Amino acid sequence: MASKSYRGRLAPSPTGLLHLGHARTFWVAAQRARERDGALVLRNEDLDPHRSRPEFTQAMLEDLRWLGIAWQEGPDCGGPFGPYSQSERRPNYLEAWRRLRDGGFIYPCTCSRKDLAQAASAPNDADDEPIYPGRCRTRTDAADFSDPKGLNWRFRVPDSELIRFTDLNLGAHSYTAGRDFGDFLIWRRDDVPAYQLAVVVDDAAMRITEVVRGADLLKSTARQLLLIRALGYDVPSYFHCQLVRDSEGVRLAKRHDALSICKLREQGLSPCDIVDQFRR
Ligand SMILES: [Zn+2]
């Protein structure tokens with residue numbers, strides 16, 4: 001029986017062309033929503049003004065449609081929980097920032113890039129945010145700020161707390177706050193809300209019940225669970241997909257020549273040819 005109100009999402013970043021690896025994750029998300037008779041939301045994660053480009057958003061929507069992936073809410077078709085582009089949702093992020101500030105969960109961090117580079121212990125995973133050494137952690141002046149602008153803001157993680165969750169695809173996971181990840185950014189000095197905050201705020205506001213995304217975000221799930229708890233949101237289910245690798249074992253997303261859907265289409269592949277690869 002289909003769950004009564006499944007809501008999934010596709011959350012692409014328009015920082016380049018859609019490649020095979022991400023397309024597979026989106027295809028899985030679309031399948032899961034369809035099997036559960038649910039709704040699928042397309043959220044355009046265009047928060048970073050330096051890296052996001054409108055032409056990539058257009059290309060992405062076109063590639064997804066060409067693959068036969070359909071969504072019911074999105075920047076192109078609207079819906080009850082819009083706007084569906086993160087660049088238009090700043091008031092939502094600011095409201096969350098205020099609540100985190102008022103709850104004593106965050107602090108301003110004035111460490112320079114150089115301070116951090118010198119002190120940081122390198123995470124095991126090269127993609128991951130370095131563990132913050134904690135110099136500004138004891139600051140208690142967050143309440144003096146009426147705006148996050150101009151400073152980095154970090155979430156103070158509960159040291160040594162074990163964060164557990166069961167992923168619907170990859171099983172039980174646990175991470176220790178302060179060891180596996182440190183006080184993470186929720187707002188950047190250049191006045192852009194950080195990924196972790198934006199995702200949590202939007203998933204809650206858009207009533208997402210299941211998050212389908214790549215396994216590279218497993219550890220971020222632990223960070224996001226802390227934010228969800230601090231903000232009093234409902235916890236969605238998580239389904240992380242194994243990352244697609246090439247024959248040499250290199251993650252597709254990391255290859256400079258990552259196979260873009262656009263290129264595969266130009267080479268004459270049909271949507272069926274591509275989706276058949278996803279089924280394997
Ligand atoms: Zn600092």
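How many nonpolar, polar and charged residues does the lining of the second largest pocket have? The tour reaches that pocket at its second stop.

Residues are numbered from 1 along each chain as its sequence is written. The model is predicted, and local features need pLDDT of at least 70, side-chain atom pairs count only at pLDDT 80 or more, while totals for chains, interfaces and linings use all residues; side-chain values use heavy atoms, without hydrogens and water.

**Stop 1: aromatic rings**

A pair of aromatic rings is described by the distance of the centres and the angle of the planes. Rings of Phe, Tyr and Trp (its six-membered ring) pair if their centres lie within 6.5 Å; planes under 30 degrees apart are stacked, over 60 edge-to-face, and the rest tilted. The whole structure has eight aromatic pairs. Select Phe 165 and Tyr 175: their ring centres are 6.3 Å apart and their planes are at 25 degrees, so this pair is stacked. Phe 165 belongs to strand E5 (residues 162-167) and Tyr 175 to strand E6 (residues 171-176), so the pair ties together parts ten residues apart in sequence. Helices (H or I, at least four residues) and strands (E, at least two) are DSSP runs, numbered from the N terminus. Both Phe 165 and Tyr 175 are buried, meaning under 20% relative accessible area with a 1.4 Å probe, protein chains only.

Next, select Trp 97, Phe 145 and Trp 153, which form one aromatic cluster.

**Stop 2: the second largest pocket**

Select Asn 44, Asp 46, Pro 54, Thr 57 and Ser 85. Of the 14 lining residues, these are the closest to the centre of the second largest pocket. On a 1 Å grid over the protein atoms alone, a pocket is an open set of points where a 1.4 Å probe fits, with protein on both sides within 12 Å along at least five of seven lines; lining residues have an atom within 4 Å of a point. The lining has five nonpolar, five polar and four charged residues. Ala, Val, Leu, Ile, Met, Phe, Trp, Tyr, Cys and Pro count as nonpolar, Asp, Glu, Lys and Arg as charged, and the others, Gly among them, as polar.

**Stop 3: the backbone**

Select Gly 82 and Pro 83, joined by a cis peptide bond with omega about -5 degrees. Pro 83 is in the loop between helix H2 (54-66) and helix H3 (90-102).

Move to Asp 191, in the loop between strand E7 (185-187) and helix H5 (195-205). Asp 191 is not a glycine, yet its phi is positive, about 70 degrees. Asp 191 counts as buried because its relative accessibility is 16%.

Definitions and conventions. Buried < 20%, exposed > 50% of the residue type's maximum accessible area, 1.4 Å probe, protein only.
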